[in-house]
Amino acid sequence: MNADSFETVVVETDLLILGGGMAACGAAFEASYWAKRHNQRVTLVDKASMERSGAVAMGLSAINLYLGVSKGNNRVEDYVSYVKNDLMGIARKDLVANIARHVDSSVHLFEKWGLPIWKDDEGNYVNEGRWQIMIHGESYKNIVSEAAKNALKELGENGSYYERIFITEPVMFGDRCVGAVGFSVRENKFYLFKAKAILDSMGGAVHIFRPRSVGEGLGRSWYPPFNSGASTYFTLKAGAEMTCQEVRFVPVRFKDSYGPVGAWFLLFKSKATNAKGEDYMETRAAELEKWAPYGTAKPTPANLRNYLMLLELEEGNGPIYMRTDEAIKKLVAEIPDEKEARRKMKELESEAWEDFLDMTVSQALNWASHNIMPEETPSEISACEPYFISSHSGASGAWVSGPSDLAPGEHHWGYDNMTSAKGLFAAGDASGASSHKFSSGSFTEGRIAGKAAVAFCMDHPDNVEITDEQISALKEMVLQPLKTFAEHSGYTNDEDVNPNYIKPKMFMFRLQKIMDEYAGGASVGFKTSEALLTKGLEYLQFMKEDAEKLAAGDLNELMRCWENVHRMWQAESHIRSVLFREETRWPGYYFRTDHPTMKEDWEVFANCRWDPGTGEWEMIKREIL
Ligand code: SFD
Ligand code: AMP
């Protein structure tokens, strides 16, 4: 493939939304409303097709953030303390509250657009847990993306969306972000998007750590394989400050097919036990006191639930089972009438299967192929490999400005959700320290950021000149892997093995090995130390040098090359932040064997910034206000 044959397409807009997931859809919907009133242009760019892109691609079975404030169910401050507790004290209260106070209206919009939400006999939403409501959500993403596209279409020629364009790099003018570059994954086209404000909402990252699914299972993971660290890379390269890069998420899931556990724990009130049938949340309750005050609060933080399970495995008490059979039997036993009990049994069976069919179809296939009937057979659960998803129970992302009425002092510097790089905003998995926003909260945060970004566009109407030299240099850099391949591939019989280059798949395997073995991956029980991290960082520097030799035989491989460069930067910011925080705060996510306890003086945000001028990293402690 000839890199010189690529056409350069320049798109000029006012607000550029990067990504087409939940946050991006929220941003497109809200920004279009304001853009229409103020004659601004809005453009959205997704690497995939918005109908099925991002984490909600397969659908979801629940909306995990809904307060139900109008029914008097919950208060915003209760949600804030729940989130802060779950993250062991590390959360931006202003950001969490801003999302929580607006999220209900987003959920009501989803329902208006056609999302079926479970209702009880009185017409109320059916809660899974205190904050979670049940949905028939197989088509959740189709419904939400259709609304976002319709909103953009309402803008006429001022609204547009581009699909199957992979964004690689920010375009900077001094300290201001003024655009992004990328390429089509279907045609030989290089894209430059020029904008006044840019919203980074390209999701989180997976396949940075070696996955448990290898060999024939390669590519299967809990987190969608197509989100590969673009958000973090983009904000880092723009010189923006990042936060909580050490806070990875290790979900517990049904083993090997990654089916969700929330409905089992919360809706069906199931227990998880070791192989002997012991409920480790009860038998190991004393362990939680070591992690007080968070460990002793209710509900027990997600990472500590993991940790107690990991202790069981360390002592050889696995496999760990979700006792689906006992849970269903108990729910049915509560019903005295026999006929009604039989009906209830059928209903529970159907709900159990739907939970997987709505969002993780492969888990239903796994059950079927292993002759598992949830009402009769318990199922294995296991801790996944680590992911970066700040919208769930992780926290890594850009450090963003909070709302003027809630953000204390230095947490507010102008526009809601603007990063420390001028004109660059972040939402969803791209923004940090505001965990537990989930699908509804990410959409809501996108709305907040989209509205603020339109205001930024209106306050900064000046046009920034991007020179032809700058465009050529960016194009050359983005397409270099194609050139490298074309130049050297004739040297060997097998084009995947060549002394002059490295293919992206091998590059990814190398990265995953380093992260798994040195940064506390699944195969070492999530344990690491200063010595291991330092060694891992040294190996990552070699990888950075080798990244210049990445080679791509076609457009798909070009995308794979850049996905892995993005992953490498996410990996580096993670290792540096885990190294910086000299304590163990989330033992079920990672454990620092050289600093095995939680320390009071580390009850702070661990932030970092890569300086585009010097190429140096700066580590910053920021107070929790
Ligand atoms: O329970 C580029 N989540 C759940 N949330 C819920 O509310 N209920 C559930 O039931 C949930 N479950 C769940 C969840 C997540 C996952 C992975 C699973 C199960 C398996 C969380 C939400 O899904 C999550 O909070 C939001 O989706 C986050 O929104 P956002 O917008 O931050 O990320 P996205 O939706 O994944 O979208 C990312 C977009 O970026 C695009 N993209 N575009 C251009 N160039 C690039 N280089 C790009 N890289 C990525 C993607 O294509 C996508 O459009 S439960 O089991 O936990
Ligand atoms: P999951 O399926 O694990 O993603 O969980 C969905 C929702 O339920 C999230 O809001 C979780 O925080 C919550 N959750 C899952 N398991 C538990 C549990 N054992 N106790 C409290 N909350 C839980």
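Student: Why does Y161 count as partly exposed?

Tutor: Its relative accessibility is 29%, and since buried means under 20% relative accessible area, exposed over 50% and partly exposed in between (1.4 Å probe, protein chains only), Y161 counts as partly exposed. This is a predicted model, in which local features need pLDDT of at least 70 and side-chain atom pairs count only at pLDDT 80 or more, while totals for chains, interfaces and linings use all residues. Residues are numbered from 1 along each chain as its sequence is written, chains are lettered from A and ligands numbered from 1 in the order in which they are written, and side-chain values use heavy atoms, with hydrogens and water left out.

Student: Where is Y161 found, and which residues does Y161 touch?

Tutor: Y161 is found in strand β6, residues 159-162, where helices (H or I, at least four residues) and strands (E, at least two) are DSSP runs numbered from the N terminus. Not counting residues up to four places away in sequence, Y161 touches L44, M50, K149, L152 and K153, contact being heavy atoms within 4.5 Å.

Student: What makes M559 count as buried, and which residues is M559 in contact with?

Tutor: M559, placed in helix α17, has a relative accessibility of 9% and therefore counts as buried. Leaving aside neighbours within four places in sequence, M559 is in contact with K47, F166, F183 and V185.

Student: Which residues are the closest to the centre of the second largest pocket, and which element gives the most to its lining?

Tutor: Of the 23 lining residues, the closest to the centre are P225, N556, M559, R560 and E563, and α17 gives the most to the lining, with seven residues. On a 1 Å grid over the protein atoms alone, a pocket is an open set of points where a 1.4 Å probe fits, with protein on both sides within 12 Å along at least five of seven lines, and lining residues have an atom within 4 Å of a point. The volume of this pocket is about 560 Å³, and its lining divides into nine nonpolar, four polar and ten charged residues.

Student: Why do H436 and F438 count as buried?

Tutor: H436 has 3% relative accessibility and so counts as buried, while F438, with a relative accessible area of 10%, is therefore buried as well. H436, in the loop between β17 (424-426) and α13 (438-459), has a positive phi of about 60° although it is not a glycine. F438 is placed in helix α13, and its phi is near 55°, a positive value in a residue other than glycine. Most residues other than glycine have a negative phi.

Note on methods
Grid points are joined across faces, edges and corners, and a volume is the space filled by probe spheres set on the points. Ala, Val, Leu, Ile, Met, Phe, Trp, Tyr, Cys and Pro count as nonpolar, Asp, Glu, Lys and Arg as charged, and the others, Gly among them, as polar.
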